[in-house]
Amino acid sequence: MESNDSSGENPEPNLDNLVVDEPIHREYMSPTVTHYRLPNIRPTVAQIRTGNITKPTKAYPGHKKVYPAQEGAAHTVGTIVGVLSPCFVNIVNVIYFTRLPFVVGTAGGLATIVGLILSTLLVAVSVCSLSAVATNGDVESGGAYYLLSRTIGPEVGGACGVCLAFASLIGAAQANIGMMEQIVILYQPFTLFGSKIWDVRIFSSIITAIITYLATYSFQIRMAMFCLIWIGVLMYFLGLIFPQYTKSREEIECSSKRFMTNWYPEGNFTINHFFYTFSIIFPGFGGILAGSNSSGSLKRPQVSIPLGTILALTFGTLIYISTGLTLALCHPRDQLLSIWSSPIQDSSLFTWFVFVAIVGSSIAKAITGLGAGPMVLRAMASDGLIPKFFNNYSRSFGAVFAIIFCLWGNFNSISSLSSSLFLCVFAFLNYGLYLAKHAKVLSFRPHFKFYLSEIAIVTCILCIISIILINLYTAIIAFTFAAVFYYYTWQRHLDLPWGSLTQSKAYNTGLNAALRLRHVPPHPKLYRPNVVLLIHGPPADHHFSISFLSQMLHDKGLAIVARIFNEDTPLTEVIEERNKETTITSGKSHHVFYETVVAETMEEALMKVMLLSGFGSLRANIVFIEFDEELKEKTAHFIEDVLDRHWSVVILRNPRNIDDNGSIDCWCLSEDGGLALLLASILARGDRKLRVLTFARVEEGEGVHDQSFIIKHILRKFRIKADVIIVPFTDDSIPSHHIQMQWREKMKDVNEDPVSEPYTQHFMRVSDSIRAYSSHATVAVISLPLPRTAVPGEIYMRWLHLLSSILPPVLFVRGNGTPALSWQL
């Protein structure tokens, strides 16, 4: 077939011979990127088979979220303007021009170079981690926060975002303080506000307020400053070549003697001094994140972020190291130590070029910080991690926050906090890469391959150690920021459609643990109650039973709620119901798994659920049902079926939340492997008291004291603390009038045969005892009497009704003989 296509593109397939009820859209005939980005427009199997495909009218609402764009054009910026220049101007900034000489003078050339190499290594590994995460999918606005929140989850991403936002704003304050120090140097010894430090504080606060509103033009300004900084650096090195044309021509003397003098520190230089000077330099290297903060505006962030950051780090490191060596080689220590002098500026070929570079780099860094910090806060507010207030007022908040640090005015002290926060961000990035690599998640396939997860986790640990060694107080502040926000986000249980590597890691951990359970033989010490609650109707109608089940197990066993659907229910409805709520939250920290089963009878549902739910040691072993208040005979038959299949059974009557601290009464009326005692001991946690009650059959010679000794001895062997109550019991006592009237009321429409009458008299006497001792208990756990073959089911159900005729929740328990308690080591 010839194609009439004249455009040179591949022709579309001819659909004329395809007969369908409605027109088929050509976009559905083969996979498209749209199908992956907006999955709800992908046609279903049924639509494709029938040809009944309708074009969607709206996009999937939760998959592609619109995030607040960073100031500037969205997705229009390239590598040099969007990443290289922001990173470079934040590395080679006012710290380089004004504080690098101070660090060389204080720590010496050797310690300075070691600090620079350490900074470079920490940042280089972090950049590789950043690049790997950034090339694993689409990147939007939010920088490191966006990358980690989408990779690991909102808890780690949010904690990283808070540290990044505050570090960026503090860095902006630093830049303005450093710039004003250079301006104050120009007119010293005069002051305008009483002292040089107050001049710096006031003017830096004013310039912060002004620069806040220049962030809109951040890319243009930073590109201009990028060029100015290169000129300033060039002027400094030319000044060393032609010192006779510089302001410091009398001080500059490049010699090996001066180099050896400046190579080592003066006095007692400790590890704390080293990390103090390290903290002054490191915020400059923290600026490497400025490129990723522009992720929402980049054309190709997966290419630009790795390339731009690596180039900026390479250029910045070479400049810092070469300048540090020349400062040690050519400048006197006295000149280097003074913060109210500018050795780099004074020794440059044209002083004013360097001054302009200092001012320009400060403005560029301040613009970056005052733009990136609020941008991260807006992204977090849009995601719902912080209040919506920051959507509209993040810039104002950022300005106020930065001004507070400007009024502090101590550049070096602020550097310690800034370094600690940036190191927190780098620790999060490296931890994120390590987790992504070892979570075995199938979606982690980054384009950037130059990383090692083992090196990343070591770098993460080194970052944490560095934070502690820099300054203990700033370490406490930084860790508190991260920990408090992590906990705040974690306890909110945000339902965000991002996926989480933490969840993937939990899956792998659970899977591996479950596989190991295959080889664990049954043992009383390893017994766990794995319970299935069978219900008819929505879970909301059984809220108290589900809550009771969760509180009864208290994370000591597996709990599954299985809703029974009849066979007329469409399978799609059953599946949707199961997918709608995989787990049901009961209370603050307990969870119950939710399943659905299609069956016509309870017996059929029982077989399907008990045989198919769980695996290995996680298989269900206890059937949990609600008490049948209609006392139907088929419920008795169901109990018989459960026991005949060698499963344990639990029946709950009067369900409610058990929040009070009363007593848990366990009526041990038969030996079933200890399941009733085990469940009672789990319920009796906290301030609840456990009471174990049983009978002493007087006519058979059982004494109260002897029975009490035996029960206490058994409890001691099982290490269960409980009060023991022995109730004297005889078969010739007359049941109370109340219980006899209750029995007659229940037997109005039922004929009792002679076989069941002796049993009825027995259970009346037992019921009297239960009512006398446990009417005010929090929960009464009672050994379930076995159904009698010769007794009709409706009579058996009335026995259970008789035994549970008290107000508190009553839990009938019957084990299958499997030991649930052990006194072995």
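Rings of Phe, Tyr and Trp (its six-membered ring) form an aromatic pair if their centres lie within 6.5 Å; planes under 30 degrees apart count as stacked, over 60 as edge-to-face and the rest as tilted. In the whole structure, a search finds 34 such pairs. The model is predicted, local features need pLDDT of at least 70, side-chain atom pairs count only at pLDDT 80 or more, and totals for chains, interfaces and linings use all residues. Residues are numbered from 1 along each chain as its sequence is written, and side-chain values use heavy atoms, with hydrogens and water left out.

**View 1. The stacked pair of F274 and F278.** The ring centres of F274 and F278 are 6.4 Å apart, with 20° between the planes. F274 and F278 are both buried (under 20% relative accessible area; exposed is over 50%, partly exposed in between; 1.4 Å probe, protein chains only).

**View 2. The edge-to-face pair of F389 and F390.** The centres of these rings lie 5.2 Å apart and the planes stand at 85°. F389 is partly exposed, at 45% relative accessible area, whereas F390 is buried, at 15%.

**View 3. An aromatic cluster.** F389 and F390 belong to one aromatic cluster, whose members also include F166, Y393 and W408.

**View 4. The packing of helix 28 on helix 29.** Helix 28 (residues 757-774) and helix 29 (residues 793-803) pack at about 20°, their axes 8 Å apart. Axes are lines fitted to C-alpha atoms, for helices over the stretch in contact, and angles run from 0 to 180 degrees between N-to-C directions. Helices are DSSP runs (H or I, at least four residues), numbered from the N terminus.

Technical notes. Helices (H or I, at least four residues) and strands (E, at least two) are DSSP runs, numbered from the N terminus.
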